[in-house]
Amino acid sequence: LYCLAKNGATYYYIGGFDPEFEAYSPGSLLIDYAIRCAIAEGHHTFDFLRGAERYKYSWGAKDRRNKRLLIRSTDTAT
């Protein structure tokens with residue numbers, strides 16, 4: 001499990017999965033620990049980032065619309 005933290009938010013960047021240990025749910029235990037640590041550090045947000053994987057919703061994740069601004073160069077000399 002790899003998380004990043006900034007300005008009161010923890011971002012779940014990437015986690016691993018090994019089917020051999022699926023019955024023991026080590027990933028769930030790590031996510032639980034990460035969320036508890038984020039709360040203990042005073043963070044107000046735990047963001048699973050993009051992707052609609054089912055496990056994220058079981059932790060209470062909500063969809064959030066992302067916005068993008070695209071600026072194109074009008075310089076024709078390049």
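Biologist: How far apart are the end C-alpha atoms of H1, and what should its 15 residues span?
Modeller: This is a predicted model, and in it the end C-alpha atoms of H1 are 21 Å apart, which agrees with the 21 Å that 15 residues should span at 1.5 Å a residue.
Biologist: Which residues of H1 are buried?
Modeller: Those are Ile 31, Ala 34, Ile 35 and Ala 38, and they lie on the same side of H1 because they cover an arc of only 95° around the axis. In general, an α-helix has 3.6 residues a turn, so residues three or four places apart point the same way.
Biologist: And what covers them?
Modeller: The cover includes strands S1, S2 and S3 together with helix H2, whereas the face of H1 turned away from the buried side carries the exposed residues Leu 29, Tyr 33, Arg 36 and Ala 40.
Biologist: Moving on, where is His 43, and is it buried or exposed?
Modeller: His 43 is in the loop between helix H1 and strand S3, and it is buried, with a relative accessible area of 18%. Its side chain makes a polar contact of 2.6 Å with that of Thr 10, and among the other residues that His 43 touches are Ala 5, Gly 8 and Ala 38.
Biologist: New topic: how many disulfides are there?
Modeller: A search of the whole structure finds zero. The cysteine sulfur nearest to that of Cys 3 belongs to Cys 37, but the two are 9.2 Å apart, which is too far for a bond.

Conventions
Residues are numbered from 1 along each chain as its sequence is written. This is a predicted model: local features need pLDDT of at least 70, side-chain atom pairs count only at pLDDT 80 or more; totals for chains, interfaces and linings use all residues. Side-chain values use heavy atoms; hydrogens and water are left out. A disulfide is a pair of cysteine sulfur atoms within 2.5 Å. Helices (H or I, at least four residues) and strands (E, at least two) are DSSP runs, numbered from the N terminus. Buried means under 20% relative accessible area, exposed over 50%, partly exposed in between (1.4 Å probe, protein chains only). A polar contact is a pair of N or O atoms within 3.5 Å; within protein, one must be able to donate a hydrogen and the other to accept it, and residues adjacent in sequence count only if both atoms are side-chain atoms. Contact means heavy atoms within 4.5 Å. The expected span of a helix is 1.5 Å times one less than its number of residues. The arc is that of the directions from the helix axis to the C-beta atoms.
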